[in-house]
Amino acid sequence: EPFVADEYIERLAWRTPGGGSRGGEAFDPKRLLEEFVNHIQELQVMDERIQRKVEKLEQQCQKEAKEFAKKVQELQKSNQVAFQHFQELDEHISYVATKVCHLGDQLEGVNTPRQRAVEAQKLMKYFNEFLDGELKSDVFTNSEKIKEAADIIQKLHLIAQELPFDSLMDFCCYLLSSPGKYHDLECQLIQEFTSAQRRGEISRMREVAAVLLHFKGYSHCVDVYIKQCQEGAFLRNDVFEDAAILCQRVNKQVGEVFSNPETVLAKLIQNIFEVKLQSYVKDQLEEHRKSDAEQYLKNLYDLYTRTTNLSSKLMEFNLGTDKQTFLSKLIKSIFISYLENYIEVEIGYLKSRSAMILQRYYDSKNHQKRSIGTGGIQDLKERIRQRTNLPLGPSIDTHGETFLSQEVVVNLLQETKQAFERCHRLSDPSDLPKNAFRIFSMLVEFLCTEHIDYALETGLAGIPSSDSKNANLYFLDVVHQANTIFHLFDKQFNDHLMPLISSSPKLSECLQKKKDIIEQMEVKLDMGIDTLNCMIGQMKHILAAEQKKTDFKPEDENNVLIQYTNACVKVCGYVRKQVEKIRNSMDGKNVDTVLMELGVRFHRLIYEHLQQYSYSCMGGMLAICDVAEYRKCAKDFKIALVLQLFDTLHALCNLLVVAPDNLKQVCSGEQLANLDKNILHSFVQLRVDYRSARLARHFS
């Protein structure tokens, strides 16, 4: 424990008799002092003893340190001597090694010619056996030494090929050529390789392949290997999956057998593409090439996609330096005859298919498409007929049919979408924008021109004149459906066409074509919006049929029970339906534009209608109630100008009931102060009491 002086003194005092109050003893300072003095002396003696011991140990340590330093110096000297001996030994070893290497070179220089001479002697011996026509050596008769025999035959074959043709060894050359032992041994090696492959003996296959590497028949060995690999590999219906599995399996094995595995694997893949896949593709496509364009295009797209997917899987293997180009050439060799005229088949099929979809729809409606002019005299007659109500020719009765079909549109867009997908996959990159534009042109022709534009033209021709009774305004339904369809068309334009042409000059051409279509349709929609005249005409018919002169000049002024006239109720009901129909048929700013035009015409109609009657006091109140209801109806337009017009009209109607003395005050009010005085006067004139001198005087 750490030494603490205070605690040590306390313990010493506590142990000394009389040093504390222990056991009730009295405190004895002299005794305690005596104890402290004695204890101090003991501590001094102990300190001196310990100090002497420390000095003795220090002297001993210094002595041992000197002895150790001396010993270290001696070891350093002996180490230097040993290092010098080691250097001398190393130099001596280097000298001996140099002598040994020189001697080895001399021995090799003597032994190499000797070995060559021995080899030449053996070859001459074997050559003599061939000359004699009897092969007696064990190496030729023992089937287990086929590897050594192959090496000998290979060397003799090379020698025989270098001899002059007219020499005495002509017979040898003939004997060692293909009909002779060389060919026989080569066949034996290939047969041995085939047997080892069937038994699954990889090590034996590797040995035989290494021997055959120097023979002419090595390529035949590779062909046999490739042929046997494919035996039983294509038993399922999915030839592409089978090919991928086969290549995966062979890729693991070929490196253990051949010294050039990438070349062998590439040759296997080439064989699969040029034999198996090409045959399969031809069978699948030629069956439908002339008879069924739809199935032909589907099969072509599917087969090409699966082939490229297989190629992507094969990219994982080592096939040499430029495997991308290698696989691309294989794919091109299979499909080149089909891709050359692909776009012509695509356009022809798309054209016939689109025409069939449209014709089937019109046939289901029992409708015979008629030729409707889109410009010139007929366009002018249509505009004049709608704007002037002059019957320049009978309108076409569509019986409420818009001749627009969501199902037809979806079918056309689906066919075009599939065509864009096929075009993206099957077109050459340089031809892709051009081919995509041709498909887009087909969509424009059949969807926009033959379907939407035809429906708009038919709808325009079916718009009744403004004086028609019970006219059905189906053109707004046409507008609504055309608007919805064009949104779908625009979505396909952005989703499927834009990615194919975004980086080509065809982009501006497609955008311009789309812009022209939109402008053309907007012109026809603008022409058709003159159905507002028909709406106003319907309101006129309602007012003419339902409004009576007695409504505003009742016989019994004190017995009027209605809040507003029957004509007002029917007109407001009709207007609300048309407003809702316009909102459902259009979108964006077009809604506000059309509703503003309708609201202004609606106000003019009511204004002119009110001018046709004279009003008693109670009749004026009823007119105010009618206008209030019209104003409530105008709120549905959500157009500030229209609501302001009806607010002013409501204020004008107050002139029909206000007391003569208050006329000037009312006319100078906020809503009427800016109106022409003739307008105010015209409303005051509608009062039945206008001719009274008092009223005329107050108003003047």
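## Helical span near the start of the chain

Helices are DSSP runs (H or I) of at least four residues and strands are runs (E) of at least two, both numbered from the N terminus. In this predicted model, residues 40-78 form a span that is 100% helix and 0% strand, with its end C-alpha atoms lying 57 Å apart. The UniProt record, in an unreviewed entry, places the feature "coiled-coil region" at residues 40-78.

## Two loop residues with positive phi

Most residues other than glycine have a negative phi. Asn 366, although it is not a glycine, has a positive phi of about 55°. Asn 366 is found in the loop that runs between helix 13 (342-364) and helix 14 (376-388), and with 74% relative accessibility it counts as exposed.

Lys 638 is likewise not a glycine, and its phi is positive at about 55°. The loop that holds Lys 638 lies between helix 22 (617-635) and helix 23 (640-653), and Lys 638 is exposed, its relative accessible area being 68%.

Side chains of opposite charge can pair when their charged atoms come close. The model has a count of 19 salt bridges, and one of them joins Asp 490 to Lys 514, with the closest N and O atoms 2.2 Å apart. This pair links distant parts of the chain, since Asp 490 belongs to helix 17 (residues 475-501) and Lys 514 to helix 18 (residues 506-528), at a separation of 24 residues. Asp 490 is partly exposed, with a relative accessible area of 23%, whereas Lys 514, at 12% relative accessibility, counts as buried because buried means under 20%.

A salt bridge is also formed by Glu 509 with Lys 506, where the closest N and O atoms are 3.3 Å apart. Both Glu 509 and Lys 506 lie in helix 18, with a spacing of 3 residues that amounts to about one turn of the helix. Glu 509 is partly exposed at a relative accessible area of 36%, and Lys 506 also counts as partly exposed, at 22% relative accessibility.

Arg 576 lies in helix 20 (residues 566-585), while Asp 636 sits in the loop between helix 22 and helix 23, so the pair ties together parts of the chain that are 60 residues apart in sequence. The loop between helix 22 and helix 23 is also where Lys 638 is placed.

Arg 576 counts as partly exposed at 29% relative accessibility, and Asp 636 is partly exposed as well, with a relative accessible area of 32%. Through salt bridges that share partners, Arg 576, Glu 629, Lys 632 and Asp 636 are joined into one network.

Key:
Residues are numbered from 1 along each chain as its sequence is written. This is a predicted model: local features need pLDDT of at least 70, side-chain atom pairs count only at pLDDT 80 or more; totals for chains, interfaces and linings use all residues. Side-chain values use heavy atoms; hydrogens and water are left out. UniProt positions are given in the numbering used here, feature names are shortened, and annotations may be inferred rather than shown by experiment. Buried means under 20% relative accessible area, exposed over 50%, partly exposed in between (1.4 Å probe, protein chains only). A salt bridge is a side-chain nitrogen of Lys or Arg within 4 Å of a carboxyl oxygen of Asp or Glu.
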